[in-house]
Amino acid sequence: MLDNDRDRQASPFWRRPAGMAVTTAALIAGFYLLREHWSHVLGYWSYLLLLVCPLMHLMHGHGHDGHEHRRQAPERTSQGKGS
């Protein structure tokens, strides 16, 4: 029964055929856009790096279960040993 529930869950967009096609088209378009406008990108390279830093901090760690170990730790009680 549990296996059926996993099969029914929708896969992420980028794993579907349409998502893969959109991602591939975006990568190809991005490559050609950068290729044609590389001199403009180099002029703003330092600003782009400064823009990426805060964006990475905002998006870092969201959406994954990296903090699962905190929930599994046993709870401590405030009772003394004599109780």
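Predicted model: local features only at pLDDT ≥ 70, side-chain atom pairs only at ≥ 80, totals over all residues.
The protein chain contains five helices and zero strands, so that, in the order of the sequence, its elements follow the pattern α-α-α-α-α. Over the protein chain the mean pLDDT is 76, with 63% of the residues reaching 70 or more.

Of the 83 residues in the protein chain, buried residues make up 2%. Gly19 and Val41 are both placed in helices, Gly19 in helix α2, which covers residues 17-36, and Val41 in helix α3, which covers residues 38-43. Gly19 has a relative accessibility of 0% and therefore counts as buried. Val41, with a relative accessibility of 16%, also counts as buried, because the cut-off for this class is under 20%. When neighbours within four places in sequence are left aside, Gly19 is in contact with Phe13 and Trp14. With the corresponding neighbours of Val41 left aside, the contacts of Val41 are with Leu34 and Leu48.

Aromatic side chains provide a further set of features, and the structure holds three aromatic pairs. One of them joins Trp38 and Trp45, whose rings lie 6.3 Å apart from centre to centre with an angle of 55° between the planes, an arrangement classed as tilted. Trp38 has a relative accessibility of 42% and so counts as partly exposed, and for Trp45 the relative accessibility is likewise 42%, which places Trp45 in the partly exposed class. The rings of Tyr44 and Tyr47 have their centres 6.5 Å apart and their planes at 50°, and this pair is therefore tilted; the angle falls in that class because planes under 30 degrees apart would count as stacked and those over 60 as edge-to-face. Tyr44 and Tyr47 are both exposed, whereas Trp38 is partly exposed and Trp45 is partly exposed.

Terms used:
Residues numbered from 1 in each chain as written. Heavy atoms only, no water. Phe/Tyr/Trp six-rings, centres within 6.5 Å; stacked < 30°, edge-to-face > 60°. Buried < 20%, exposed > 50% of the residue type's maximum accessible area, 1.4 Å probe, protein only. Helix = DSSP H or I, 4+ residues; strand = E, 2+ residues; numbered from the N terminus. Contact = heavy atoms within 4.5 Å. pLDDT = per-residue confidence, 0-100.
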